[in-house]
Amino acid sequence: MGDRHNYALMKNKFKLLLKILGVLLLLLVLTGFLGYLYFNSTFIDFEDEYAEKFNFPELTKDNFTFLDRNGNGDLDDYEDARLSVSARVSNVLSLMTQEEKIHLLKGSGLASAMGSGVEGEGIPGAVGTIVPTPRLGIPTIYLSDGPAGLRIQPTREGEDRTYYCTAFPIATLLASTWNEDLVYDVGNAMGNEALQYGIDVILGPGANIHRHPLCGRNFEYFSEDPLLTGFMGAAIVNGIESNGVGTSVKHFVANNQETQRNSNDVLVSERAMREIYLKGFEIVVEKSQPWTIMSSYNKVNGTYTSESKYLLTDVLRGDWGFEGLVMTDWFGGKDAVAQINAGNDLLEPGTKKQWDALIAGAEDRSLSQAAIDTSAGRILTLIFNTKKMQDYRFDNNPDLEAHANTTRKSASEGMVLLKNDNTLPLSNTKNIALLGTTSYAFIAGGTGSGDVNEAYTVSLEQGLTNAGFEINKVAKRIFEVQKAANKEAYIAPEGIDAMFTPFVPPAIAYTTEQLKEITATADVGIFTIGRNAGEGGDRVELDDFLLTTLEQETIAAISTVFKQADKKLIVVLNIGGVIETQSWKTKPDAILLAWQGGQEGGNSVVDILSGKVNPSGKLPMTFPIHLNDHASNANFPLDGEGLSLVGLMTGLIVPPDEKPETEKLRNKDYTTYDEGIYVGYRHFDKAKIEVSYPFGYGLSYTNFEYSNNTVIVENDTINVSLTVKNSGNLEGKEIVQVYTEKLASRIDRPAQELRSFAKTRNLKAGAIDSIFIRIPVMELQYWDEKQNNWALEKGVYRINVGASSRDIRLTGKVKI
Ligand code: BGC
C-alpha cells in the first residue's frame, strides 16, 4: 500500500516536473521567437514599404532623352542630367515629403550585410545601404568595407560563380611605400572593383593615428604621423573616387583603441587634437574632399563624436570646408536626434528604433527642420554623384588579374628591409628552408571589417616555388607532421567567426637534430614570424608584442645552428603591427618586415628576396625598444579585452546605461591622453629615447648620396631642393624626408616634425634625381591653447633633410 502511494506520489511529481519543464521550454521558445522577431524588425529588416523601383521608362522631350523616374510623363529638373547636381538635388528635395526625407537619414538595417539580399536586388555582404525613395525612382546605394579592398560575400545562393575580391596590402604597408602615385593606383584598382561589383561607397580608408602599438586596428591605419597619414589617405581616396565611387574616411576621430570602443571617452587636449588626431583627416579633406567621413564610436571629452556639433559642423565643415556627408560607424552613438542635429547626416546601418526616434524628434521639433533638410540634401548629393544615378550597368567582372598585379607591386614596395648583413638579395641560392608555420600559411591581412574575402593567398612557399627556388624537404616535412597532428588548429575561421578570431596557426618547436638535418641540405633559412589582430580587441604585450618563449628559443636555436653551418638566416615579419625587435635582431643575418601584403604576399616577398625588386619601403612608425618607452603606454588598456559576438548583440538590444563617474574604469570607460602631442617619434626625439628602428627607417640594396641642398623662403613657401644620387650598384628608389625644427623655441614643441617627403624615381646605378619640395610656411604653425587658434612662432627653423628621422643628411636654416 505504502509503495503504491509512494509510486503515485512520485508519478505526480514527475508529471508536475514535466509540465514545468514543458512550460519553461515553451516560454523559452516563445521568448526566442519574440526576441528573433524584435531583433529582425529592429535591426535587420524593417523597410517593407520602401522597395526599390527599377526599369524606368525612357522618354524624349525636346530632343533630350531621360529616365522618367517618377513616371509622371514629364521631365522634372532632378531627372535632367544636363543640370548641376545641386540644382537637381534642390528640385528633388522640394518634391519629397517630410516622411521620405526622414526615411533617408538612416540605412536599411543589416539584411544585406548578413547576406540575405534577394537575387538581383541586394548585394550580399554589402554592410550597409542608403535607402531608395521609390516614389521618385531614387535608387539604393550600397556601402561596403573596407581599407584593404572590398568585402562582399564571395558566394550567392543559387549561383555557381564566385564574387571574390582582391585582398590588397594593409594600410600600414601602403604607408610604408611613401609613394602617393602608387597608393593612388591601389585606390584606383579598389574603386574599379567596387564599381564593377555594384558598390557605390567604400568604407575606408582609416585615418586614425597609431597612438600606441597595441591598438588592434593599427593595421587599418597608416602611421603615427599625421602628415604621412593625410598624404596617403588622400592618395587612396583620389584613386578610389576617380572611378565615380565614394569613400568613407574613418573613424573620425581619436578612435585609437578597441577596448570598450563603443563608449570609451577620450580625454584629450585641443592641441593634441588639432596637431595630431584631427590633422591627418584635415589633410585628407584638403587634398581629396572625400564623399563621406565616418564618425567614430568613441566619445571625445564627454561627447560621442557622432553627436558632436563642434567636431562635425564647426571643425569639419566650418574650419576645413568639408562638403560631403558624415555617416556613423555601425550602430555608433546613442541619440539619433542629437546625431542629425550635430551634422552626422546618415545613421548606419540604421535601425527601426532610430527611425522612430527621428520621426518623434521631427514631430516634437527637437530635430530641427534645417538639420533634416541639410542632411537629406547631403545624402541626395552623394546619390546624384554615383554612377548608379547615371544608370551605369556594372558587369560583376572586375579585372581581378590586373588588380592582383597591382597588389603584388604595391606590397613589395611597402616592405621594409630592417637588417641586411650581406645576405640579400639572394645569390647562389637554390634550396631554401622554410621555418615557422607562417611561412607556409601566410597572413594576407587583419581581421574584422578590414578583412577581404579573397580567392587565394600566396604563401611564402608558393612564392618561392613560383620564382624557381627549391623548398627544403626536411623543413617542409617537419611542418607537415605538425600540421597533421593539429588539423583543427590549421582551419582558419570563416564568416562572422573570422571577425572575432584573429587566426594564427600553431608554432613549431624544432630540435637541434632537426635543425642540423635542415642546414645539411639548405642553402639559406627563412624563419617567418606571424601576428594577426583586428577589430574589436587590442593586442597585448606578452606573446604578441614580445615574441613568445618558443619564438625566442627558436630564433636562438636556428641562428646558432645556421651560423655553425655557415649558412644565412633571414627573418620575415608577416605582421600587422609593431613587435619587439631589439632583443633578438642581432641573431639573424637579415630581417624583412613584410607586413601583411594582401593576397599576393608570398610573391611580393620573393620579389624582394630575389632582388627582382629593390626594397624601398620605410617605417611609418617607430619600433621602440620597450612598449613603455611610448608616452601613451601610461594610459592605454594593456589587457587586450576583446569584443564578443554575444556582447555585441546584447549591447545592441540593451545599450548599457551611462556609469556614475565614480564607477568609471581608467583606460576602458575613459582614456586620458596625458602625452598630448608626444606621440611616436615626437616623444622619442623629445625625450631622447633610444629606439630599435626609428620612424622613417628602411634599407635598400643600394646606397644614396644626398647633396646640393638649398633652402629658401619665397612667397610664404619654404622651397627645399637637393639631388639624390644612387651611389651603389643596383637600381633603386629612395624616400627623402623633410623635418622642421624650431631653434630656441619659446613654446613646448617636438624636437622635429615631418613636413613633407618625396620618393625618387627608380634610379639606375650612378643616376641622379633632382628633388624639389615645397612646404607652406603655415604648416609650421602650432595650436595655441590660449588663443584657441593656430599660431606661427617667428624665428629660425632648421630644415632637416633625412633618410630617416634619425639619419639627417642635410640641413638648412630659414628665418620666418
Ligand atoms: C567598423 C567600421 C566598419 C563597419 C561596417 C564597424 O564595426 O568599425 O570600420 O566600416 O563596422 O562593417
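This is a predicted model: local features need pLDDT of at least 70, side-chain atom pairs count only at pLDDT 80 or more; totals for chains, interfaces and linings use all residues.
Biologist: Which residue forms a tilted aromatic pair with Phe695?

Modeller: There are 20 aromatic pairs in the structure. Rings of Phe, Tyr and Trp (its six-membered ring) pair if their centres lie within 6.5 Å; planes under 30 degrees apart are stacked, over 60 edge-to-face, the rest tilted. At 5.7 Å centre to centre and 55° between the planes, the tilted partner of Phe695 is Trp178.

Biologist: How many residues apart in sequence are the parts that this pair ties together?

Modeller: Helices (H or I, at least four residues) and strands (E, at least two) are DSSP runs, numbered from the N terminus. Trp178 sits in the loop between α4 (171–177) and α5 (180–196), and Phe695 in the loop between β20 (691–693) and β21 (704–714), so the pair ties together parts whose separation is 517 residues.

Biologist: What is the relative accessible area of Trp178?

Modeller: Trp178 belongs to a cluster linked by ring pairs, along with Phe231, Tyr681, Phe695, Tyr739 and Phe757. Trp178 is buried too, and its relative accessible area is 1%.

Biologist: On to the ligand: how much of its area does the protein bury?

Modeller: 14 residues surround the ligand, the closest being Asp145, Arg217, His251, Asp329 and Glu535; near means a heavy atom within 4 Å. Oxygen atoms of the ligand lie 2.5 Å from a side-chain N or O atom of Asp145, and 2.7 Å from one of Arg217. Areas come from the Shrake-Rupley method with a 1.4 Å probe, where for residues only the protein chains shown count as cover. Taken alone the ligand exposes 310 Å², and the protein buries 94%.

Biologist: Which side chain does the side chain of Ser449 contact?

Modeller: Ser449 is in the loop between β13 (431–435) and α14 (460–466) and, at 8% relative accessibility, is buried. A polar contact is a pair of N or O atoms within 3.5 Å; within protein, one must be able to donate a hydrogen and the other to accept it, and residues adjacent in sequence count only if both atoms are side-chain atoms. At 2.7 Å, the side-chain partner of Ser449 is Glu535.

Notes
Residues are numbered from 1 along each chain as its sequence is written. Side-chain values use heavy atoms; hydrogens and water are left out. Buried means under 20% relative accessible area, exposed over 50%, partly exposed in between (1.4 Å probe, protein chains only).
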